[in-house]
Amino acid sequence: MREKYSIKEVADLFSIKSNKLRFYEKKGLISPKRDPKNDYRYFDNEDILKIHTILMYRALDTPLKDIKDIMENTFKDNILEHFYKQWEVTNDKIHKLRLIKDSMENIMDAIYECENKNYHDIIVENGKEIKRIYEIKDNWEDKWDFDGWANVYDDFVEKDPSSLKMYKEYDNLLKTVYQNSIKGQDKNIKILDIGVGTGNLSCKYLEGEYDIVGIDQSREMLNKAKQKFPKLKLRLGEFLKIPFENKKFDVIVSTYAFHHLNEDEKKIAIKEMLRVLKDDGKIVIGDLMFKDNRSKQRIMRDLNEKQIMEIEDEYYSNVDMLENEFEKYGREISIIKVDRLVYIVEVK
């Protein structure tokens with residue numbers, strides 16, 4: 001194996017310009033040696049490996065400053081941190097482009113079909129709708145600090161210090177969601193767990209040898225789930241920006257997560273779930289809900305101030321709202337009431 005390569009040879013090897021190599025050198029990413037006879041740069045095999053690594057990361061749109069940090073700090077957590085950041089950027093771009101693509105299709109369809117409406121008005125209306133939806137997608141805020149909650153979540157659920165005792169049926173809920181989701185299914189199905197948390201639901205599918213992947217917006221929750229269940233496939237993601245392509249999953253499940261979305265966010269999340277769900281797939285959601293507004297008012301009258309504050313800190317769904325929203329997409333729901341504040345909704 002050769003030990004010295006000129007800058008032109010390296011540029012030809014990677015099909016790049018010599019100026020790019022000089023730029024990487026200027027930024028401190030590579031440090032070619034100098035031939036003492038003529039002071040020309042030369043690259044050894046270690047340099048070749050570094051350049052290959054830099055180009056790989058650049059193909060992933062990783063910023064140069066992040067590449068430098070990755071190469072200087074090869075600790076697993078550091079590399080993961082950079083890839084998490086890049087994953088979020090990439091996923092955001094994909095969702096924005098998907099919105100634009102859908103809007104273009106809507107505009108073209110509307111222009112073909114309209115007779116009297118001004119084309120400009122159609123374009124403006126679609127532009128406003130894109131802006132509205134993307135602002136909702138982009139402005140969701142984790143006001144509950146799930147990263148900080150990750151290491152104590154399982155203990156919190158077990159002790160359930162909430163005044164509402166919202167986790168008293170936790171094990172029963174997970175078991176029922178699991179059983180209902182696989183009922184009538186074969187082993188080859190693909191399952192998505194949204195809001196995977198520390199993996200307490202997903203592990204049931206692992207034990208059943210199903211193909212399961214979990215997503216969560218909290219990196220620390222993902223780290224905790226991976227620590228508990230090393231074989232569990234996990235991705236950074238959320239209801240509003242599910243990081244998968246159309247019609248990928250046979251089953252989507254979620255427990256104790258949907259109530260962190262307000263009503264506008266829920267509507268977008270429903271559309272997102274149906275986007276990645278196969279036409280004959282189903283969704284099973286176990287969560288904190290009210291049957292309808294009348295039921296909510298009746299329950300709230302019987303609660304004390306602390307319990308009311310706990311509810312108002314979240315966005316409990318109304319089952320009838322979910323039913324109406326899923327009906328818009330030709331889907332039907334069935335419900336199981338677990339206790340006064342917990343329901344399981346199955347969508348087919």
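A residue counts as buried when its relative accessible area is under 20%. In this predicted model, Asp44 has a relative accessible area of 18% and is therefore buried. The side chain of Asp44 forms a salt bridge with Lys33, and their closest N and O atoms are 2.7 Å apart. Lys33 has 30% relative accessibility, so Lys33 counts as partly exposed.

Asp61 counts as partly exposed because its relative accessibility is 45%. Lys93 is also at 45% relative accessibility and counts as partly exposed.

The bridge between Lys131 and Glu135 lies within one helix. Their side chains meet at 2.6 Å, N to O. Both residues are in helix H6 (residues 119-138), and because they are four residues apart there, about one helical turn separates them. Lys131, at 52% relative accessibility, counts as exposed, whereas Glu135 is partly exposed with a relative accessible area of 38%. Elsewhere, salt bridges with shared partners join Lys33, Asp44 and Asp47 into one network. The structure holds 26 salt bridges, among them those described above.

Lysines also lie over aromatic rings. Lys96 is placed over the face of Tyr134, at 5.0 Å from the ring centre. Lys187 lies over the face of Tyr210, where the distance from the ring centre is 4.2 Å.

Next come the contacts between rings. A pair of aromatic rings is described by the distance of the centres and the angle of the planes. Searching the whole structure gives 18 aromatic pairs. One of them is formed by Trp149 and Tyr153, with 5.2 Å from centre to centre and 90° between the planes, an edge-to-face arrangement. Both Trp149 and Tyr153 are buried.

Tyr167 and Tyr256 form another aromatic pair, 4.9 Å centre to centre. Why is this pair tilted rather than stacked or edge-to-face, with 35° between the planes? Planes under 30 degrees apart count as stacked and those over 60 as edge-to-face, so the 35° of this pair makes it tilted.

The pair of Tyr167 and Tyr256 links distant parts of the chain, 89 residues apart. Tyr167 lies in the loop between helix H8 (153-159) and helix H9 (170-182), and Tyr256 in the loop between strand E6 (249-255) and helix H12 (263-276). Tyr167 counts as buried because its relative accessibility is 7%. Tyr256, at 5% relative accessibility, counts as buried too.

Ring pairs link Trp140, Trp144, Phe146, Trp149, Tyr153, Phe156, Tyr167, Tyr170, Tyr256 and Tyr315 into a cluster. The cluster includes Trp149 and Tyr153 as well as Tyr167 and Tyr256.

Key. Residues numbered from 1 in each chain as written. Predicted model: local features only at pLDDT ≥ 70, side-chain atom pairs only at ≥ 80, totals over all residues. Heavy atoms only, no water. Phe/Tyr/Trp six-rings, centres within 6.5 Å; stacked < 30°, edge-to-face > 60°. Buried < 20%, exposed > 50% of the residue type's maximum accessible area, 1.4 Å probe, protein only. Helix = DSSP H or I, 4+ residues; strand = E, 2+ residues; numbered from the N terminus. Lys NZ or Arg CZ within 6 Å of the ring centre and 35° of its normal. Salt bridge = Lys/Arg side-chain N within 4 Å of Asp/Glu carboxyl O.
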